[in-house]
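Hi,

Here is the structure I promised to pass on.

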Amino acid sequence: MQQVQAVISRAKGAPVELVTINVPDPGPGEAVVRVQACGVCHTDLHYVQGGIGDDYPYLLGHEAAGIVEAVGEGVTEVAPGDFVILNWRAVCGECRACRRGRPQYCFATHNATQKMTLEDGTELTPALGIGAFAEKTLVAAGQCTKVDASARPAAAGLLGCGVMAGLGAAINTGNVGRGDSVAVIGCGGVGMAAVVGARLAGASRVIAVDVDPRKLDQALTLGATHTVRATDGDPVAAIQGLTDGFGADVVIDAVGRPETWKQAFYARDLAGTVVLVGVPTPEMELTLPLLDVFGRGGSLKSSWYGDCLPSRDFAMLIDLYIQGRLPLDAFVSEEIGIGDIDAAFERMHRGDVLRSVVVMAGSPA
């Protein structure tokens with residue numbers, strides 16, 4: 001067992017705390033990872049605010065990259081010294097989705113069996129089964145995906161959640177193809193990644209929609225061909241006007257509110273695709289004429305983690321990053337210390353950053 005510094009949330013709405021935690025030696029099927037960098041994701045703030053559950057105290061952080069330090073019995077997929085990206089969907093290989101050849105929808109993803117604890121023995125609940133706002137963390141070995149060690153940890157770790165969600169919403173869920181028109185509603189970190197993913201897939205027109213002109217300007221630097229400021233008029237009409245009056249082939253809602261989903265629904269072409277990747281809150285409801293659903297055809301999809309399969313997608317995307325074809329560095333707005341997370345939450349809430357990334361002391365940026 002080791003003692004390390006980590007950031008926890010003890011109670012709903014309370015400031016986060018930097019504390020000492022106990023990390024067990026890895027058991028069968030487990031790995032201890034020395035965290036090098038971890039992005040500050042909106043999901044972590046949801047934990048702090050009580051929007052995900054009440055199983056406090058939470059060990060926060062999940063969007064991370066680092067070095068495998070030790071593995072337990074039976075682990076063959078990774079070894080000490082491997083540079084890995086952590087993922088929160090370690091597929092089981094046995095559930096009905098896995099047996100049908102759809103492991104990206106695994107219903108029984110693995111987490112570590114043992115618990116990390118506070119110094120007094122209180123068990124911690126790791127965010128998304130990872131808990132990476134820590135110098136070291138214990139995970140299921142399947143949550144570690146080995147990638148090229150020359151990748152910058154602060155950028156590579158973002159594939160662990162938000163950037164992968166956006167890229168995958170376009171490439172995997174939306175199945176964007178060459179020559180398609182794509183609209184992305186909401187240009188935070190996930191939406192901006194969807195813009196990048198759409199261009200990477202060969203879309204001819206990529207329309208970024210947001211209320212913040214700063215985000216729209218940045219979207220243009222990351223591959224958007226057109227922008228729509230949602231406060232300047234009807235975004236649906238604007239998207240239609242930029243697609244010869246028809247609407248986009250694929251519209252991605254990266255906000256996750258009833259009003260933005262309706263905009264996505266009506267802004268798509270006949271037989272087009274709507275992808276919901278923004279996460280709604282439990283009380284949100286949607287009312288829509290059923291005849292409109294029938295009459296417009298096409299596909300209405302939700303994207304979970306960008307429908308990614310880490311073993312398939314992470315190494316490929318890191319290779320594209322190293323080749324200069326995937327601008328992951330552009331998503332790293334700032335690098336911060338492990339004690340600066342509350343302030344990073346504030347900047348995220350104001351829309352000042354795409355990602356604040358915690359870089360652990362002594363780690364490469």
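Predicted model: local features only at pLDDT ≥ 70, side-chain atom pairs only at ≥ 80, totals over all residues.

Below is what turned up, taken one region at a time.

Residues are numbered from 1 along each chain as its sequence is written, and side-chain values use heavy atoms, with hydrogens and water left out.

Let's start with a sheet. It is open, has 6 strands in the order β13-β12-β11-β14-β15-β16, and its pairing is parallel. At the edges sit β13 (226-229) and β16 (299-302), each pairing on one side only. On average, neighbouring strands here are turned by 15° against each other, direction ignored. Inside the sheet, β11 (residues 181-185) pairs with β14 (residues 248-253) over 4 bridges, in the parallel sense; Ile-185 has Asp-253 in β14 as its bridge partner. As for terms, strands (E, at least two residues) and helices (H or I, at least four) are DSSP runs numbered from the N terminus, and two strands pair if DSSP finds at least two bridges between them.

Next, helix α11 (residues 341-350). Its buried residues are Ile-341, Ala-344, Phe-345 and Met-348, where buried means under 20% relative accessible area, exposed over 50% and partly exposed in between (1.4 Å probe, protein chains only). Seen down the axis of α11, these fall within an arc of 105°, so they line one face of the helix; the arc is that of the directions from the helix axis to the C-beta atoms. They pack against β1 (2-9), α1 (42-49), β17 (334-336) and β18 (356-359), with contact meaning heavy atoms within 4.5 Å. Just after α11 comes Gly-351, with a positive phi of about 75°.

Finally, a residue in helix α10 to look up: Asp-313. Is Asp-313 buried or exposed? Asp-313 counts as buried because its relative accessibility is 3%. Leaving aside neighbours within four places in sequence, Asp-313 is in contact with Met-164, Asn-172 and Cys-308. The C-alpha atoms of Asp-313 and Gly-168 are separated by 9.0 Å, although the two residues are 145 residues apart along the chain.

Cheers

Methods
Axes fitted to C-alpha atoms, helices over the stretch in contact; angles between N-to-C directions.
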